[in-house]
Amino acid sequence: MNRDNDVIRAVGYVTIQASHLEGVIEEIAEWLGAAVERPQHHETARISEKIKWCKSAIKQLNSAELTNLVRSLDKAENLFIKRNELVHGRIYFDDELPEILVPTKAGKREKHIAAPELYDLAENIYNLHIRILSENSFKLVAALSKVIEA
């Protein structure tokens, strides 16, 4: 990822990486749906609802080999909270002052933001996306095959 000091570009990277992570979580939900019935219209649910459902479905599978996947989903939940604060907040620019993020949630304080921290967030999201794929794909298939073949 090419880093610079452009906050707008960094926000774009966060958004792109988050969309890829959302796609992976939807794929996990689809796979889990082979063994555990998904709620109607679940594919259009908020990502937080999909993550919660995936963790519940994994618990129903009662597979110790999916413990890391649950941890990864917990991390994804936290990263999406940060993404949401950024994307749904308001960013103010001034040539003379640092960028400010004003949250839309009550009780949250405005804060200065800078491109490096946003690029860090994008890279954390990307790394989790890759970790979910590399560490859990085969384990998920193995756990599901035990249930489906039973």
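Visitor: What should I know about the model before we start?
Guide: This is a predicted model, in which local features need pLDDT of at least 70 and side-chain atom pairs count only at pLDDT 80 or more, while totals for chains, interfaces and linings use all residues. Residues are numbered from 1 along each chain as its sequence is written, and side-chain values use heavy atoms, with hydrogens and water left out.

Visitor: At what angle do helix 1 and helix 2 cross?
Guide: Helix 1 (residues 7-32) and helix 2 (residues 47-61) cross at roughly 35 degrees, and their axes come within 10 Å. Helices (H or I, at least four residues) and strands (E, at least two) are DSSP runs, numbered from the N terminus. Axes are lines fitted to C-alpha atoms, for helices over the stretch in contact, and angles run from 0 to 180 degrees between N-to-C directions.

Visitor: Is that crossing left-handed or right-handed?
Guide: The crossing of helix 1 and helix 2 is left-handed; that is, the near helix is turned anticlockwise from the far one by less than a right angle.

Visitor: Which residues of helix 1 and helix 2 meet?
Guide: From helix 1, Glu22, Ile25, Glu26, Ile28, Ala29 and Leu32 meet Ile47, Lys50, Ile51, Trp53, Cys54, Ala57, Ile58 and Leu61 of helix 2. Contact means heavy atoms within 4.5 Å. By class, the residues of this contact are 11 nonpolar, no polar and three charged. Ala, Val, Leu, Ile, Met, Phe, Trp, Tyr, Cys and Pro count as nonpolar, Asp, Glu, Lys and Arg as charged, and the others, Gly among them, as polar.

Visitor: Turning to pockets, how much space lies in the largest pocket?
Guide: The largest pocket holds about 320 Å³. A pocket is an open set of points on a 1 Å grid over the protein atoms alone, where a 1.4 Å probe fits, with protein on both sides within 12 Å along at least five of seven lines; lining residues have an atom within 4 Å of a point. Grid points are joined across faces, edges and corners, and a volume is the space filled by probe spheres set on the points.

Visitor: Which residues lie nearest the centre of the largest pocket?
Guide: Phe80, Ile81, Asn84, Glu85 and Lys105 lie nearest the centre, among 14 lining residues. The largest share of the lining, six residues, comes from helix 3. The lining divides into four nonpolar, five polar and five charged residues.

Visitor: And what lines the second largest pocket?
Guide: Its lining includes Leu79, Glu85, Lys111 and Asn124. Helix 3, strand 3 (111-113) and helix 4 (115-149) each give two or more residues to that lining. The volume of the second largest pocket is about 190 Å³.

Visitor: Where is Lys108, and what is Lys108 in contact with?
Guide: Lys108 is found in the loop between strand 2 (97-102) and strand 3. Leaving aside neighbours within four places in sequence, Lys108 is in contact with Glu85 and Pro103. Lys108 and Glu85 are 23 residues apart in sequence, and their C-alpha atoms are 9.5 Å apart.

Visitor: What is the phi of His41?
Guide: Phi of His41 is near 60 degrees, a positive value in a residue other than glycine. Most residues other than glycine have a negative phi. His41 lies in the loop between helix 1 and helix 2.

Visitor: Is His41 buried or exposed?
Guide: His41 is exposed, with a relative accessible area of 54%. Buried means under 20% relative accessible area, exposed over 50% and partly exposed in between (1.4 Å probe, protein chains only).
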